[in-house]
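Hi everyone, thanks for coming. I'd like to walk you through a structure that may be new to you, so please have a look at it with me.

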Amino acid sequence: MPPTVNAWAEGDPLEVAPRLLGAVLTHGGVSVRLTEVEAYAGPDDPGSHAFRGRTPRNEVMFGPPGRLYVYFVYGMHHCANLVTGPEGEPGAVLLRAGEVVGGLDTARVRRPGSTDRDLARGPARLCRALGIDLAANATAPDLTAGEPPREVSTGPRVGLRHAAERPWRFWSTGDPTVSTYRPAAPRRPAGR
DNA sequence: AATATGATGCGCT
DNA sequence: GCGCATCATATTT
């Protein structure tokens, strides 16, 4: 197995992110070709889980590059990041969407009712399709090189309340499996 | 098609 | 206790 994962992961998340597009991630019998990712930097990035320092949950982000940082949100969803280097410096790339290129039957079972296009279209859907949960946290992913996209687009990140305007989202231009942009949920309309 | 809202639990202050 | 790197469903155009 080529140790290429660490080579890709090592470095600034802003450089690693576009590099990951087209790579194939395999987990739980399903393979996904990444079409959309998002970079998260360390202490200087208010959108990063590591912004407020090291905690038990984000600990993996401070470790060596090339591992998965999986977290649980909204009481029901998992999201997966690839930790970027260097060690001690928290950085990661959120795996936002992809195209299922292997284990289609398994992915369909995990995401009943979904069209093939939507199987891994979104960070939580991607985890669901691949069977990724907290058990995969801090493990080294099976990630191999793939065909890079013809064209890469960049834009603002999705679903953040802070620093969402930074153009740190990268996707394969025109790919149908890229998730649709949705602005951060507005805060409750003034409670009363 | 577009927008609104409920679900649901953990991490952090 | 509040807020969340979300998604599915219901409701309205």
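**Confidence and salt bridges**

Let's begin with confidence. What you see is a predicted model, and chain A has a mean pLDDT of 90, with 91% of its residues at 70 or more. One stretch needs some care: over residues 188-192 the pLDDT stays under 50. The model gives those residues zero contacts beyond four places in sequence.

Now to the charged side chains. Side chains of opposite charge can pair when their charged atoms come close. How many salt bridges does the count come to? The count comes to ten.

Let me show you a few of them. R96 pairs with E36, and their closest N and O atoms are 3.0 Å apart.

Next, find D118 and R121, whose side chains meet in a salt bridge at 3.2 Å, N to O. Here too, D118 is buried and R121 is buried.

Finally, look at R108 and D116, which form a salt bridge at 2.8 Å, N to O. R108 is partly exposed, because its relative accessible area of 36% falls between the 20% and 50% cut-offs. D116 is partly exposed as well, at 37%.

Methods
Residues numbered from 1 in each chain as written. Chains lettered and ligands numbered in written order. Predicted model: local features only at pLDDT ≥ 70, side-chain atom pairs only at ≥ 80, totals over all residues. Heavy atoms only, no water. pLDDT = per-residue confidence, 0-100. Contact = heavy atoms within 4.5 Å. Salt bridge = Lys/Arg side-chain N within 4 Å of Asp/Glu carboxyl O. Buried < 20%, exposed > 50% of the residue type's maximum accessible area, 1.4 Å probe, protein only.
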